[in-house]
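User: Please examine the model shown below and answer a series of questions about its fold and packing.

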Amino acid sequence: HSTTTSSTSDNPNSGSSSPIKQMHRSFSGLNDSDLSDEDLEFGIRQFGPFSSLQELNNYPAHMSVFLHFLIQNRDPRYLCFYLVARSYQNFYKCNELRQKALEILWTFCLLTSPLYVPLRDSILQKLLETLESDDNEIKLKSIFVEARDFVANQIAEDLAEYRHKRTLGLGSLYGEQKLTDHMTASRELDVANSTLTKVLKDLINEKPDSVEEVNT
């Protein structure tokens with residue numbers, strides 16, 4: 001399975017502990033000194049793509065299962081913002097950046113936004129200042145990096161909760177039975193699409209007056 005390169009904002013804080021400990025300290029409330037590298041390497045094998053958000057970014061099918069869990073049990077806004085902001089940085093062209101950034105801002109970052117995600121005032125102010133005064137492509141591409149780092153902390157807590165649900169055998173409630181080892185890229189996308197289509201249908205069935213039918 002091919003692995004995409006994540007931006008530095010996805011990486012955990014640097015420190016004197018080993019990279020494995022840095023990436024997976026969220027497995028529990030234990031400090032690094034309480035866990036050996038062997039313990040944490042076992043955690044990677046046990047949880048696979050769910051071992052960290054950085055790892056999960058490379059597996060669309062697994063990400064869709066995690067999103068299904070959040071929609072049913074917690075708050076999906078943080079992950080939705082994170083994914084949209086990550087796509088913004090990686091996929092949009094120069095002439096699209098400002099308009100797409102405004103769309104993300106209106107959708108997630110303002111008090112009146114339909115999927116409002118509370119950010120620190122300093123982060124929001126920097127977003128607004130960049131959009132108002134800067135046409136530099138590099139600065140526009142990185143405009144949501146700090147905000148993405150900010151919400152990643154909440155997502156890490158949500159991911160830890162999902163790992164706990166998995167240990168209780170509840171992963172199949174969110175579509176995990178569709179996941180297999182060594183899935184091809186096309187299979188990953190197929191499973192992601194089918195999982196999210198089911199989630200959308202379930203949401204619409206809860207509000208039958210909003211949409212009559214979802215075309216698959």
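Analyst: Two residues are in contact when heavy atoms of theirs lie within 4.5 Å. The model under discussion is predicted.

User: With which residues is Phe-66 in contact, leaving aside its neighbours within four places in sequence?

Analyst: Phe-66 is found in helix H4. With the neighbours within four places in sequence left aside, the contacts of Phe-66 are Phe-50, Leu-56, Leu-79, Ile-155, Asp-158, Leu-159 and Tyr-162.

User: Is Phe-66 buried or exposed?

Analyst: Buried residues have under 20% relative accessible area. Because the relative accessible area of Phe-66 is 0%, Phe-66 counts as buried.

User: How many Å apart in space are Phe-66 and Arg-163, C-alpha to C-alpha?

Analyst: In sequence, 97 residues separate Phe-66 from Arg-163. In space, their C-alpha to C-alpha distance is 9.7 Å.

User: Which helix do the buried residues of H10 pack against?

Analyst: Helix H10 covers residues 185-206 and reaches 32 Å from its first C-alpha to its last, close to the 32 Å expected for its 22 residues. Its buried residues are Glu-188, Val-191, Ala-192, Thr-195, Val-199 and Ile-204. The helix that the buried residues of H10 pack against is H4 (60-73).

User: Is helix H5 roughly parallel or roughly antiparallel to helix H6?

Analyst: H5 (residues 77-91) and H6 (residues 97-109) pack with their axes 11 Å apart, at an angle of about 175°. Angles over 145 degrees count as roughly antiparallel. The orientation of H5 to H6 is therefore roughly antiparallel.

User: How many nonpolar residues does the contact of H5 with H6 have?

Analyst: From H5, Arg-77, Cys-80, Phe-81, Val-84 and Tyr-88 take part, meeting Leu-97, Lys-100, Ala-101, Ile-104, Phe-108 and Cys-109 of H6. By class, this contact of H5 with H6 has no polar residues and two charged ones, and its nonpolar residues number nine.

User: Is His-182 buried or exposed?

Analyst: His-182 lies in the loop between helix H9 (145-167) and H10. Although not a glycine, His-182 has a positive phi of about 60°. Because its relative accessibility is 81%, His-182 counts as exposed.

User: What percentage of the residues of the chain count as buried?

Analyst: The chain has 10 helices and zero strands. It exposes about 12600 Å², of which carbon and sulfur atoms supply 51%. Of its 216 residues, the share that count as buried is 37%.

Note on methods: Residues numbered from 1 in each chain as written. Predicted model: local features only at pLDDT ≥ 70, side-chain atom pairs only at ≥ 80, totals over all residues. Heavy atoms only, no water. Helix = DSSP H or I, 4+ residues; strand = E, 2+ residues; numbered from the N terminus. Expected span 1.5 Å × (residues − 1). Buried < 20%, exposed > 50% of the residue type's maximum accessible area, 1.4 Å probe, protein only. Areas by Shrake-Rupley, 256 points an atom, 1.4 Å probe, with all protein chains shown as cover. Axes fitted to C-alpha atoms, helices over the stretch in contact; angles between N-to-C directions. Parallel < 35°, antiparallel > 145°, perpendicular 65-115°, else oblique. Nonpolar A, V, L, I, M, F, W, Y, C, P; charged D, E, K, R; others polar.
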